[in-house]
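Please read this briefing alongside the sequence and the coordinates.

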Amino acid sequence: SKKITIAIDGYSSTGKSTLAKQLAKELGYVYVDTGAMYRAVTYFAMQNGFISNDFFHKNELIVSLPNIKLHFEFNPELGFAEMYLNDVNVEKQIRTLEVSGFVSKIAEVSEVRAKLVEQQQAMGKDKGIVMDGRDIGTVVFPDAEVKIFMTASAETRAQRRFDELQAKGDNVTYEDVLKNVQERDYIDTHRADSPLVIADDAIEIDNSYLSKEEQFTAVLELIEEVI
Ligand code: C5P
């Protein structure tokens with residue numbers, strides 16, 4: 001069977017990465033979490049004082065972009081790749097609510113997007129890739145053979161993210177998580193550069209009432225028609 005490109009886009013916390021990881025494992029494909037890349041840039045900006053008291057020093061970040069080196073490294077114990085920022089594993093640091101609170105602001109910056117999109121396209125040049133994000137089917141790989149667009153109600157998504165953060169021992173409230181999910185949805189769908197929109201040829205999946213297994217089976221069937 002031929003190798004293809006699978007693009008998975010959608011709102012925050014719709015389970016994109018869960019589905020993408022399942023598919024990559026099943027097909028023997030590479031999985032790339034592009035949200036992790038935007039999160040790593042955000043973490044870099046926080047570490048370097050480019051974000052202070054809600055003020056964002058955008059030009060300083062743009063000037064520093066050449067100093068940001070991102071790469072993924074497969075962790076065989078976990079079964080997926082982890083995010084490295086300047087050769088340091090930042091998986092834990094980038095998943096906090098604090099990073100989630102700034103990341104959509106960082107992702108609005110065209111210079112940031114151009115840098116990350118270029119790297120994403122290079123990673124996918126040989127196909128055999130499952131990539132998730134917000135602009136994968138529209139901007140990064142407009143020719144992807146399979147495009148999925150995932151949605152679920154904001155409350156369902158916030159509850160899932162809240163459960164995840166709680167399980168990690170993060171001290172957050174459901175209300176804060178819901179607020180973050182709604183704020184990111186708003187910024188991601190309204191930004192000028194590469195807003196979150198459904199590609200014309202994407203298949204929309206609302207997983208509010210689908211189990212992970214049902215969703216996986218349905219998408220795998222779609223893929224098997226193509227490969
Ligand atoms: O996927 P995740 O929720 O980790 O993404 C974090 C944020 O990164 C999103 O809310 C969005 O602002 C940004 N992002 C993006 N384009 C992508 C992936 C993520 O703008 N391809």
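Why does Y11 count as buried? Y11 counts as buried because it has 21 C-beta neighbours inside 10 Å, where a buried residue has 20 or more other C-beta atoms within 10 Å of its own, an exposed one 12 or fewer and a partly exposed one a number in between, with C-beta atoms placed from the backbone. This is a predicted model, in which local features need pLDDT of at least 70 and side-chain atom pairs count only at pLDDT 80 or more, while totals for chains, interfaces and linings use all residues. Residues are numbered from 1 along each chain as its sequence is written.

**Confidence and annotated extent**

- The chain averages a pLDDT of 96, and 100% of the residues score at least 70, pLDDT being the predictor's confidence in each residue on a scale from 0 to 100.
- The model scores are ipTM 0.99 and pTM 0.97.
- An unreviewed UniProt entry carries the annotation "domain: Cytidylate kinase" over residues 6–224; UniProt positions are given in the numbering used here, feature names are shortened, and annotations may be inferred rather than shown by experiment.
- Over residues 6–224 the chain is 48% helix and 19% strand, with the end C-alpha atoms 12 Å apart; helices (H or I, at least four residues) and strands (E, at least two) are DSSP runs, numbered from the N terminus.

- Under "binding site", the unreviewed UniProt entry lists G10, Y11, S12, S13, T14, G15, K16, S17 and T18.
- G10 has its place in strand β1 and is buried, with 28 other C-beta atoms within 10 Å.
- Leaving aside neighbours within four places in sequence, G10 is in contact with K16, F149, M150 and T151, a contact being two residues whose C-beta atoms, placed from the backbone, lie within 7 Å.
- Y11 is in the loop between β1 and α1, and, with neighbours within four places in sequence left aside, Y11 is in contact with T151, R157 and D185.
- S13, also placed in the loop between β1 and α1, has a phi near 55°, a positive value in a residue other than glycine.
- Most residues other than glycine have a negative phi.
- S13 counts as buried because it has 24 C-beta neighbours inside 10 Å.

**Helix α1**

- Helix α1 (residues 16–27) has twelve residues and reaches 16 Å from its first C-alpha to its last, close to the 16 Å expected at 1.5 Å a residue; the expected span is 1.5 Å times one less than the number of residues.
- In α1, K16, L19, A20, Q22, L23, A24 and L27 are buried, and what covers the buried residues includes β1 (5–10), β2 (30–33), β8 (129–133), β9 (146–151) and α9 (212–226).
- Just after α1, G28 takes a positive phi of about 70°.

**Surroundings of the ligand**

- Of the 13 residues around the ligand, G35, Y38, S104, A107 and G133 come nearest; a residue is near a molecule if its C-beta atom, placed from the backbone, lies within 6 Å of it.
- The elements giving two or more residues to this shell are α2 (34–47), α4 (97–106) and α8 (174–190), and α2 gives the largest share, four residues.

**The loop between α8 and β10**

- S194 lies in the loop between α8 and β10 and has a positive phi of about 50° although it is not a glycine.
- P195 is partly exposed, with 15 other C-beta atoms within 10 Å.
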